[in-house]
Amino acid sequence: MPEGHTTHALAGRLSHAFAGSPVGVSSPQGKFAGGAALLDGLALVDASAWGKHLFVEFERERWLNVHLGLIGKFSVLPRLSRRSSRQVPVVGQVRLRLLNANWVGDLRGPTVCAVVSPEKVDQIQARLGPDPLRPDADPDLALRRILRSARPIAELLMDQSVLAGVGNVYRCEVLFRHRVDPFRPGREIRPTTWRAIWDDLVELMPLGVAFGQVLTMDDQVDDALAEVADGSASAHTAAVTGARPGDHFERRFNLYKRTGEPCRVCGSTVRTQLVAGRNLFWCGRCQRRR
Ligand SMILES: [Zn+2]
């Protein structure tokens, strides 16, 4: 499932490709024909993300709300040939297509694709917890919800009303990075621990946006931060299309999908168990903190 960094990267690509001028909106598959007709020909104002929700503002206060869900994909690609044909071939089940002279955006398989009012946008956002990728995010709001709960912290991190945008990979990896026991009830988590997790996500998740992949290994994080600092990351960000995952760095994690393999720190066997509907990976020896 795409995590929040995917949605933020997508919002950036959509704004870059379409903001500021009228957009052709259609539903080649037909399922979104009514919604597309409400947006077709309107100027796209801006696209933004909150957790895994995408919000695209059009003129006349019309908003497009998209949630990619488990299998959804939204590719934004330059049109290869502008002259040869007005039609861009449709591949697969395209629910929504955005088109201008230079770009084509194709949305396939979303859980949510709807035209909504500004009030509805506010309602959806009010239900979501703070998103580490948004500058207006309030980590104390998440902490209050965590401290009120008897549910395990590994479950709370996946609850979008507690924390928005964190999916299974960031959950597993960030708990390991701070050696936190994933089964500790929220109310037993130390506020300093939460603060450290939050600050880490605020540093890690923008790297996910920049490179189109989740980076949590210390050496890769250091390299990625250096590439952001010296400006070379922007070329990779521009190359991320949404059509496939990023691959600038080797796909490598502390323990995600490493069941049965030795922990990279202590050598103990990496374990897995279903928590909040997804496989949690953890090290029982390293992760004792609360
Ligand atoms: Zn370990």
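## Strands and a zinc site in a predicted model

Strand β1 (residues 24–26) runs antiparallel to β6, and 3 bridges join the two. The model described here is predicted. Within this pairing, glycine 24 lies opposite leucine 99 of β6.

Strand β6 also pairs with strand β7 (residues 103–108), again in the antiparallel sense, over 5 bridges. One of the residue pairs is leucine 98 with glycine 105, the latter in β7. How many of the 6 residues of strand β6 are buried? The number is 5, so strand β6 (residues 94–99) is largely enclosed by the rest of the structure.

Strand β4 pairs with β3 and with β8, as the table shows.

| Strand paired with β4 | Sense | Bridges | A residue pair |
|---|---|---|---|
| β8 (residues 112–116) | antiparallel | 5 bridges | asparagine 65 and alanine 114 |

Strands β3 and β4 form a hairpin with 3 residues between the strands, where arginine 60 has a positive phi near 65°. As a general point on strands, side chains in a regular strand alternate between the two faces of the sheet.

The model also contains a zinc ion. Which atoms coordinate the zinc ion? They are the SG atoms of Cys263, Cys266, Cys283 and Cys286, at 2.2 to 2.4 Å. Along the sequence, these donor residues follow the spacing C-x2-C-x16-C-x2-C. Cysteine 266 and cysteine 283 are 17 residues apart and link distant parts of the chain. Cysteine 266 belongs to the loop between α9 (233–239) and β9 (271–275), while cysteine 283 belongs to the segment after β10 (278–282).

Are these two cysteines buried or exposed? Cysteine 266 has a relative accessible area of 26%, so it counts as partly exposed. Cysteine 283 has a relative accessible area of 0% and is therefore buried. The cut-off for buried is under 20%.

What is the arrangement of the 4 donor atoms around the zinc ion? The angles they subtend are 98 to 115°, and the arrangement is therefore tetrahedral. Four donors count as tetrahedral if all angles lie between 85 and 135 degrees. The ideal angle for four tetrahedral donors is 109.5 degrees.

Methods: Residues are numbered from 1 along each chain as its sequence is written. This is a predicted model: local features need pLDDT of at least 70, side-chain atom pairs count only at pLDDT 80 or more; totals for chains, interfaces and linings use all residues. Side-chain values use heavy atoms; hydrogens and water are left out. Buried means under 20% relative accessible area, exposed over 50%, partly exposed in between (1.4 Å probe, protein chains only). Helices (H or I, at least four residues) and strands (E, at least two) are DSSP runs, numbered from the N terminus. Two strands pair if DSSP finds at least two bridges between them. Donors are N, O and S atoms within 2.8 Å of the metal (3.2 Å for Na, K and Ca); water is not among the atoms, so sites may look incomplete. Four donors count as tetrahedral if all angles lie between 85 and 135 degrees; four count as square planar and six as octahedral if opposite donors are over 155 degrees apart and all others between 65 and 115; anything else is irregular.
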